[in-house]
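I opened this model to look up helix packing, ligand contacts and backbone geometry. My notes follow in the order I took them.

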Amino acid sequence: MKKNIDGTYGYLSKVNDPTDLKKLSFAELGILAEEIRLFLLDSVSKTGGHIASNLGVVELTLALHRVLNAPMDKIIWDVGHQTYIHKMITGRKSLFGTLRKLNGIAGFPKTQESPYDAFNTGHSSTSVSAALGMARARDLKGEDYTIAAVIGDGALSGGMALEALNDAGMARTNLLIILNDNGMSIAPNVGGLSRYLSKIRVRPFYYKTRESMQAFLDSLPNSGKRLRSFLHKIKSAIKSMFVPAMFFEDLGFRYFGPIDGHNIREMVRVLEQAKTMKGPVLVHVTTIKGKGYKYAEEQPAMYHGIAPFEIETGQVKSSGSENYSSVFGEKLCELAREDERIVAITAAMTDGTGLTGFRELFKKRFFDVGIAEQHAVTLAAGLAMGGIKPVVAIYSTFLQRAYDQILHDVGLQNLHVVFAIDRAGVVGDDGETHQGIYDVSFLYTIPNMKILSPATPNELKSMLDYALKKHHGPITVRYPKGSGCEFPGSEEPLVFGKGVLLKEGSDVTLIGAGSMVCIVLEAARLLEAEGISCEVINPRFLRPVDDDLIQKSVKKTKKLVVVEDVIKNGGFGSYVTELVCKSRTGSEYLILGLPDKGIEHGSRDLIYKKYGIDSEGIKTSVKSEWFDGQG
Ligand SMILES: Cc1ncc(C[n+]2csc(CCOP(=O)(O)OP(=O)(O)O)c2C)c(N)n1
């Protein structure tokens with residue numbers, strides 16, 4: 001390995017696109033892999049990002065790009081968090097300082113960013129469906145190129161992936177599936193399928209045996225149907241001796257594996273062969289999550305997605321202040337101590353949703369279902385039907401998966417399921433596929449659903465208290481990423497359907513939903529400094545909304561501003577302004593929120609600023625709408 005004078009790495013600096021990989025020997029590719037790990041660590045330790053998964057796929061990415069001819073051949077990366085190496089070797093390594101920053105490169109594949117990114121991903125388990133669709137499109141158009149999906153063992157547990165395998169196995173189309181099996185989802189993978197994969201992982205000699213047996217069978221004279229069928233039976237018998245149930249082959253795939261995913265030479269050999277095969281092929285590769293960086297290998301879950309950290313010590317640089325997820329986790333434990341009917345459900349996000357403590361304390365009342373949000377919700381419906389009080393903790397963005405389950409299984413049956421929606425609103429760095437900006441709109445369509453949105457961590461506690469002790473029926477408490485603010489008035493007791501008047505004023509009524517309340521209070525301060533008197537309301541309930549409080553205020557001010565960090569279409573603003581319009585007060589209104597397009601990656605503050613929902617932006621909009629020329 002050689003570092004150039006300008007600090008770049010010897011081989012890496014020569015790789016500008018995947019064709020450059022084809023010029024390197026296997027020994028050189030090995031050195032390149034080491035350089036890539038150093039570069040990755042150096043840059044992600046500064047920007048933050050998904051480090052462990054990327055460290056695990058360095059050799060796999062090099063082998064794939066060595067064998068395939070991208071961008072003509074297409075690679076679809078499931079989830080897409082492991083595409084940093086792919087981005088580095090497809091012309092974007094100089095942009096790594098901008099990773100996940102506003103106007104910088106995204107942390108996930110983006111077709112608009114590069115022709116090498118064949119399909120946008122972010123949510124898990126979509127790659128096989130997408131790849132099969134693209135393969136069928138290719139066939140229908142009479143074209144000829146390779147399409148590969150790279151899917152992790154965690155993503156494989158998602159229902160969609162299994163639906164797609166079911167279809168693809170029987171499809172008469174050429175399709176290459178690479179199963180990147182590291183035994184980990186974010187945390188260790190769970191479920192029967194994962195156990196099945198770990199059984200295969202410990203029998204790597206199957207692949208070698210299978211190959212030598214294939215060679216032996218090929219060497220025999222092709223003498224008659226009976227001998228062939230006899231040999232076929234022997235082959236199946238030997239196969240089942242080594243691998244008890246060849247799930248993938250029985251589904252219709254040609255199976256190769258398990259192969260050491262850190263051995264480039266071996267992977268290139270197998271991928272070359274797999275690429276030329278007719279029909280669907282599955283190459284099972286085993287990798288080590290966090291490979292090459294001690295701390296990430298030891299604690300892959302912690303280094304799955306991480307803030308900037310110190311390479312030498314592995315310490316995260318940001319302060320570990322209390323956040324909404326941990327407030328939720330602690331409060332839920334407190335409530336669960338008092339009521340043994342309370343159970344918690346997560347879809348592969350125990351740590352992220354703050355449920356680690358609950359899992360330790362209430363083992364039997366904790367269910368990690370894997371990446372299976374749809375199942376999580378209907379499981380909760382079943383539990384509620386059976387007299388248990390389930391709390392489903394899911395990030396806003398991933399709950400989108402379970403819309404029909406919320407509607408059909410929970411809402412229509414009016415079941416008491418508590419949805420604890422984490423990462424609600426703008427999430428920042430992960431960008432458009434991860435923004436929690438659609439849940440309010442889609443939850444408004446769910447029969448019987450009540451929606452609560454705390455403006456402070458204390459309000460989150462009282463809302464959970466209410467949802468589990470007093471309420472019956474479907475109820476959502478949605479709260480943002482990170483830590484919140486506190487302000488006077490937030491300690492007032494929670495009353496069903498009631499908001500709180502935080503500040504009286506006469507010129508304009510400002511309402512912020514959830515985390516927007518703090519920003520609205522700041523905007524009010526700025527406006528007051530310019531002589532505009534603001535009344536500020538914290539609605540607490542987004543459904544049912546405190547109609548009386550809002551109507552009374554608007555009657556006085558005649559001007560209503562609703563601020564939300566979700567899409568405006570069908571959001572809280574539309575809901576409130578419809579109510580106000582119905583009452584014919586003749587008041588005017590302004591909704592400040594997000595447009596119904598994808599909202600890009602970038603820090604939350606910059607995104608708020610860009611879309612005019614920071615305090616300055618609110619002030620400017622209010623002034624230009626009604627008070628221009630004043631102040
Ligand atoms: C629908 C959905 N739910 C949850 C997540 C959050 N998530 C991101 S990566 C990941 C684990 C993926 O594991 P695996 O596919 O094995 O990839 P690895 O990180 O181990 O390489 C999870 C749960 C997601 N992206 N999509």
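**Entry 1: α1 and α3.** I started with helix α1, residues 26-47, and helix α3, residues 58-67. This is a predicted model, and I read it as such. The two helices pack at an angle of about 130°, and their axes are 10 Å apart. Angles over 145 degrees would count as roughly antiparallel. α1 and α3 are therefore oblique to each other. I noted the crossing of α1 past α3 as right-handed. On the α1 side, I listed Phe26, Leu29, Leu32, Ala33, Ile36 and Arg37 in the contact. On the α3 side, I listed Val58, Glu59, Leu62 and Arg66. Sorted by class, the contact of α1 with α3 has seven nonpolar residues, three charged and no polar ones.

Entry 2: Next I checked the peptide bonds. Most peptide bonds are trans. I found a cis peptide bond between Ala70 and Pro71, with omega at about 10°. Pro71 sits in the loop between α3 and β1 (74-77). A cis peptide bond also joins Gly257 and Pro258, where omega is about -5°. Pro258 is in a strand, β4, which covers residues 254-260.

**Entry 3: phi at Asn103.** I then looked at phi. Most residues other than glycine have a negative phi. Asn103 has a positive value, near 70°. I placed Asn103 in the loop between α4 (84-92) and α5 (127-140).

**Entry 4: the ligand.** Which residues are the closest to the ligand? I got His81, Ser124, Gly154, Lys289 and Glu373, out of 23 residues that surround the ligand. His81 has a side-chain N or O atom 2.7 Å from an oxygen atom of the ligand. Asp153 places a polar side-chain atom 3.3 Å from a ligand oxygen atom.

**Entry 5: α16 and α18.** From α16, the contact takes Gln374, Val377, Thr378 and Ala381. From α18, it takes Gln405, Ile406, Asp409 and Val410. I counted by class: the contact of α16 with α18 has four nonpolar residues, three polar and one charged.

**Entry 6: α21 and α25.** My last pair was helix α21, residues 516-529, with helix α25, residues 615-627. How far apart are the axes of α21 and α25? They are 8 Å apart, and the packing angle is about 55°. α21 and α25 are therefore oblique to each other. I logged the crossing of α21 and α25 as right-handed. α21 contributes Ile519, Val520, Glu522, Ala523, Leu526 and Leu527 to the contact. α25 contributes Ser615, Glu616, Ile618, Lys619, Val622 and Lys623. By class, I have seven nonpolar residues, one polar and four charged in the contact of α21 with α25.

Definitions and conventions
Residues are numbered from 1 along each chain as its sequence is written. This is a predicted model: local features need pLDDT of at least 70, side-chain atom pairs count only at pLDDT 80 or more; totals for chains, interfaces and linings use all residues. Side-chain values use heavy atoms; hydrogens and water are left out. Axes are lines fitted to C-alpha atoms, for helices over the stretch in contact, and angles run from 0 to 180 degrees between N-to-C directions. Helices (H or I, at least four residues) and strands (E, at least two) are DSSP runs, numbered from the N terminus. Angles under 35 degrees count as roughly parallel, over 145 as roughly antiparallel, 65 to 115 as roughly perpendicular and the rest as oblique. A crossing is left-handed if the near helix is turned anticlockwise from the far one by less than a right angle, and right-handed if clockwise. Contact means heavy atoms within 4.5 Å. Ala, Val, Leu, Ile, Met, Phe, Trp, Tyr, Cys and Pro count as nonpolar, Asp, Glu, Lys and Arg as charged, and the others, Gly among them, as polar. A residue is near a molecule or strand if one of its heavy atoms lies within 4 Å of it. A polar contact is a pair of N or O atoms within 3.5 Å; within protein, one must be able to donate a hydrogen and the other to accept it, and residues adjacent in sequence count only if both atoms are side-chain atoms.
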